[in-house]
Amino acid sequence: MTTLIKNGIAYINNRFSRRDILLKNGKIQRIAQTINVEKVEQIIDASGKYVFPGFVDIHTHLRDPGQTYKEDIASGTRAAAHGGFTTLCTMPNTEPVVDNIASVDYVQRRAKDLGSAKVYVIGAITKKSEGLEISEMATMKSGGIVAVSDDGNCVQNAKLMLNCMRYATNFGLPLIIHAEDYNLSGNGQINAGKVATKLGLSGISPLAEEVIVARDIMLAENCGAKLHIAHISTARSLELVREAKERGVKVTCEVTPHHLLLTEEACLNFDTNTKMKPPLRIEKDRQACIKALKEGIIDCIATDHAPHADFEKTREFDHAPFGIIGLETAFPVLYHYLVKPGYISLERLIEALTSAPVRVLNLPENTLKAGNPADITIIDLDAETTFTPESILSKSKNSPWMNQTVSSKVLYTFLEGRQTWKAE
Amino acid sequence: MESTPQFIGRSLYDLDDYSADEIMYILEAAKGMKEINLREYKKIPTLRGKTVCTLFVEDSTRTRMSFELAASRLSADVVSFQATVSSLRKGESLQDTVNTLNAMGIDLYCIRHSSPGSPQLVHKYSGKPVINGGDGRHAHPTQALLDIFSIWERLGNLKGIKITIVGDILNSRVVRSDLIGMTKLGMEVTVCGPRTLMPANMEQIYGCKVEYDLAEALKDADIVMGLRMQLERMTEGLFPSLEEYSRHYVLSKETIKFAKKDALIMHPGPMNRGIEILPEIADSEQSIIVEQVANGVAVRMALMFLILGGKL
Ligand SMILES: [Zn+2]
């Protein structure tokens, strides 16, 4: 299959320039001002449209194996393609937990057979992510995992966490942490603050995140581990990361679209699609996240795509599960609410969705360059997207942006030259 | 007396959805209902043919009886559904339950549930008006209305009246609704309790005063309200013992001296006599605790009357 993308505004070497791009045999064959070839199966006129490297999400829950009524590898990667993503890293908190090589193999095989995106597997830090014993990280590493994480859970025992870090480092594996001190978060439902007081919901103190961020930075500093902090959400956590980076600690962090765009105020109408961990914080924290993203204290954006079925989410707030979907909403909402009004540049957004996550987990390069895999998305920034239960390809529809219209629209996505998404 | 379109079919989740004028209108209606309750024959036919459902997913015999009595005095039919959160969890969801009840032709739901926001859910599932009879720690607007009614009836006005509410503020839905309603009507509210039982940002949210010392909190109070102190809070690490709590925060003859002379004493019940309030105060001349209970029926009658479009 050969595809020629004509006249698109391409993101190359951190800049935008008008280019023709030829995709052949799964690779980017040529990039030039003008490419004229006689035999090409598909020509896309991308005049006025943007051509980006396919987006990379290093924090995805595909729920497969075990909870395929929420999502599976086929539906989740289709949703990814719809959102412009070509690469996902899956979190291991499935049923069973991906803490062994057989489960790693399963996810990789299914993704290869059915996937509309590349899938890299993240293995568990501890067996069953129970926080009691180290998982077989080295074996899973030989099976292809790119990092370890107990996401959804957090190793509470500091001594065990130190050992996990030392062991992971032994095999060159970065550790991704979901920072939450269970005693401090307790039965909390939303951020401990004004809205929790008003609604009578138990609060999750920012401290629940911050004390673990502080602890794990100290542990990583002690043993030289490569630490990545998932879905960072508070101003104080960001201060801790800033100081650690200045000291030369090998720490990186990610932020989700929802922590960049929403605050606890969104919970006021008891919408369970505003319930996630960490919880939506206050405006000061949100502003700190935007600033840190601009300055590079936050390395990348990750969706924390967490599908839950309607019957699970449409119920009493304190009985509904935590989490929202994100693959299909991420780019449009970030473009609409952050780039368009000028809070961050389009360049920084694209970097945070492409080369930055690749760097964080040391994944194969995916820039627009001849010879690289043809992982590409084409987006019309002037068009609009309306999120509806029908338009969302994920099996679950749990999004706070449901039924909203925002600017920009993903027109095409290519995975190794194969078209995985085309807008109507 | 007659309902007006602004009330008909409207839910009551909390008092912030109602203006000061609307609250006063409800209180006036409650006054009329109270007269009916004092009659020999305490029943009027205004809601004949209407069906009220009390849906209680948390135990509270007192509140449920108050709602049911209110409905039957207005001649509405009453259906009562009781469950525990755990039984609801195991089998039917709240949605299933409401769908089933709705099929029976319910006109108004009165719900008590441990989850904040569940009255809104019941409305969403049923499309019918819902009166919140207490949702977790969030709100208890009918209790707030009866509290305000009791004060208004006794003192004749509300503006500038100072009330001090003492106890487990953190876990109290009554306080949250009282604060909204009372401040809306010009009362000055002080809340008092140990820091571990005081939620964050109270002053900013409600425009009330926060005091941690009882004597300081009671200064110049026209009304003092005690709140039920529950033993569970001890195992949650919020305070060490009922004895120590009582030593610092009990409403007694001695501590009540800091308030105005003849200050009214209130309590939403059920009381722990000897823990947050001593019998010498609870059963004193100053206490209007028993009146509160009677007024609860009148206020709930008024709400049902207004929401279901009653005529008198
Ligand atoms: Zn997480």
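User: Are A:His178 and A:His231 buried or exposed, and how do you know?

Analyst: Both A:His178 and A:His231 are buried. Buried means under 20% relative accessible area, exposed means over 50%, and partly exposed lies in between, with a 1.4 Å probe and protein chains only. This is a predicted model, in which local features need pLDDT of at least 70 and side-chain atom pairs count only at pLDDT 80 or more, while totals for chains, interfaces and linings use all residues. Residues are numbered from 1 along each chain as its sequence is written, chains are lettered from A and ligands numbered from 1 in the order in which they are written, and side-chain values use heavy atoms, with hydrogens and water left out.

User: What makes a residue a donor of the zinc ion, and which residues coordinate it?

Analyst: Donors are N, O and S atoms within 2.8 Å of the metal (3.2 Å for Na, K and Ca); water is not among the atoms, so sites may look incomplete. The zinc ion is coordinated by OD of A:Asp151, ND1 of A:His178 and NE2 of A:His231, at 2.1 to 2.3 Å. Along the sequence, the spacing of these donor residues is D-x26-H-x52-H. The two histidines link distant parts of the chain, 53 residues apart: A:His178 is in the loop between β10 (175-177) and α5 (182-185) of chain A, and A:His231 is in the loop between β13 (227-229) and α8 (235-247) of chain A. Helices (H or I, at least four residues) and strands (E, at least two) are DSSP runs, numbered from the N terminus.

User: Why is A:His228 called buried?

Analyst: The relative accessible area of A:His228 is 1%, so A:His228 counts as buried. A:His228 lies in strand β13 of chain A. Contact means heavy atoms within 4.5 Å. Beyond neighbours within four places in sequence, the contacts of A:His228 include A:Ile58, A:Ile176, A:Cys253, A:Glu254 and A:Val360.

User: Why is helix α1 of chain A described as largely enclosed?

Analyst: In α1 (residues 73-82) of chain A, 9 of the 10 residues are buried, so the helix is largely enclosed by the rest of the structure. Among the buried residues are A:Ile73, A:Gly76, A:Ala80 and A:His82. The buried residues of α1(A) pack against several elements of chain A, including β7 (85-90), α2 (101-114) and β17 (405-415).

User: How do you know that chain A is as compact as a globular protein of its length?

Analyst: Chain A has 14 helices and 18 strands. Its radius of gyration is 21 Å, close to the 22 Å that the globule rule gives for 424 residues, so chain A is as compact as a globular protein of that length. The radius is taken over C-alpha atoms, and the rule is 2.2 Å times the number of residues to the power 0.38. The C-alpha trace of chain A spans about 65 × 45 × 45 Å along its principal axes. Of the 424 residues in chain A, 63% are buried.

User: What makes chain B as compact as a globular protein of its length?

Analyst: Chain B contains 13 helices and 9 strands. For its 312 residues the globule rule gives 20 Å, and the radius of gyration is 19 Å, close to that value, so chain B is as compact as a globular protein of that length. Its C-alpha atoms fill a box of roughly 55 × 45 × 35 Å along the principal axes. Buried residues make up 59% of the 312 residues of chain B.
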